[in-house]
Amino acid sequence: MTHLYDLPIQPVQCYVTASYPCSYLEGQNARSQVVAPGPQIDQELYSILVENGFRRSGLFTYRPHCPRCRACIPVRIRVRDFSPSRVQRRVWKQHRCLEARSLPLRFEPEHFSLYTRYQHARHREITPDRTGEDQYRQFLLQSSLPTRLVEFREKGQLRMVSLIDELAQGLSSVYTFYEPDMPGTSYGTYNILWQIEECQTQGLPWLYLGYWIRSCAKMAYKSRFQPLEAWVSGAWISFPELLESLDSPIR
């Protein structure tokens with residue numbers, strides 16, 4: 001067990017996992033630093049942990065801890081200065097017909113069916129343990145925080161579901177899944193725009209998007225939402241500063 005003495009709170013204990021196959025970079029292994037015990041992490045503590053590069057999956061709060069890799073970089077949108085691009089404005093207009101409704105954090109068969117379809121469409125090699133009901137409940141429906149489950153419908157038809165954590169300083173986008181069999185739609189982009197608007201309505205300065213991974217298309221899209229900040233070496237820096245540091249030759 002180790003302690004996170006660099007955090008501005010009483011030290012919390014954490015452990016480092018064994019090596020496991022990386023979910024984002026093919027052929028690489030990963031390790032994570034996990035805060036323990038997960039179920040006792042409340043909104044105040046989690047808000048501080050997110051400020052220090054952590055994220056949660058179900059009741060597990062973690063951050064990457066790979067000895068020779070720094071590809072996973074926590075990012076957040078500075079909401080007050082966000083200005084949508086021309087493409088994003090078009091997506092916003094296209095999907096304004098979606099009706100959003102917040103529900104209790106509970107199992108809904110219709111949501112699970114959409115999640116299963118989404119997973120099979122998104123991942124070529126999918127295993128039963130990734131789409132089973134127990135895995136779905138543990139991954140998305142367990143939380144010790146104020147968490148919103150928001151469904152989006154179009155003329156009564158379910159199109160998208162989003163899980164969002166409420167933090168002291170903003171919102172954290174946990175996971176979103178949507179109808180995969182509708183060409184010409186941009187549900188993922190619309191969902192982030194919708195969360196940005198939620199932050200603006202509530203007067204919250206930050207929307208946390210989790211990890212940006214430059215070489216992974218599934219995670220690199222986050223850089224399209226500017227201004228973006230990145231957590232590097234214990235501090236939040238602007239996205240241009242991040243790119244400059246990544247592109248600078250090693251001396």
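Glu151 and Arg153 are both buried, and their side chains meet in a salt bridge with an N to O distance of 2.9 Å. This is a predicted model, and in it the structure holds 15 salt bridges.

**Salt bridges**

- The side chains of Glu229 and Arg78 form a salt bridge at 3.2 Å, N to O; because Glu229 lies in strand β14 (residues 228–232) and Arg78 in strand β8 (residues 73–78), the pair ties together parts that are 151 residues apart in sequence.
- Glu229 has a relative accessibility of 11% and therefore counts as buried, the cut-off being under 20%.
- Both Glu229 and Arg78 belong to a network of salt bridges, in which they are linked with Glu51, Arg76, Arg80 and Asp81.
- Within helix α5 (residues 133–140), Glu133 and Arg137 lie 4 residues apart, about one turn of the helix, and their side chains meet in a salt bridge of 3.0 Å, N to O.
- An α-helix has 3.6 residues a turn, so residues three or four places apart point the same way.
- Glu133 is partly exposed, with a relative accessible area of 35%, and Arg137 is likewise partly exposed, with a relative accessible area of 32%.

**Nonpolar cores**

- The largest nonpolar core has 30 residues, of which Ile77, Ile196 and Leu207 touch the most other members.
- Two or more residues of this core come from each of the strands β8, β10 (147–154), β11 (157–166), β13 (206–212) and β14, and from each of the helices α6 (187–202) and α8 (239–247).
- Helix α6 supplies the largest share of this core, 7 residues.
- Leaving aside residues up to four places away in sequence, Ile196 touches Ile77, Val79, Phe82, Leu207 and Phe225.
- A second, separate core has 16 residues, and Tyr115, Tyr118, Tyr136 and Phe139 are among them.

**Helix α3**

- Helix α3 (residues 109–122) has 14 residues and reaches 20 Å from its first C-alpha to its last, which is close to the 20 Å expected at 1.5 Å a residue.
- The buried residues in α3 are His111, Phe112, Leu114, Tyr115, Thr116, Tyr118 and Gln119; of these, Tyr115 and Tyr118 are included in the second core.

Terms used: Residues are numbered from 1 along each chain as its sequence is written. This is a predicted model: local features need pLDDT of at least 70, side-chain atom pairs count only at pLDDT 80 or more; totals for chains, interfaces and linings use all residues. Side-chain values use heavy atoms; hydrogens and water are left out. The expected span of a helix is 1.5 Å times one less than its number of residues. Buried means under 20% relative accessible area, exposed over 50%, partly exposed in between (1.4 Å probe, protein chains only). A salt bridge is a side-chain nitrogen of Lys or Arg within 4 Å of a carboxyl oxygen of Asp or Glu. A nonpolar core is a set of buried Ala, Val, Leu, Ile, Met, Phe, Trp, Tyr and Cys residues joined through side-chain atoms within 4.5 Å. Contact means heavy atoms within 4.5 Å.
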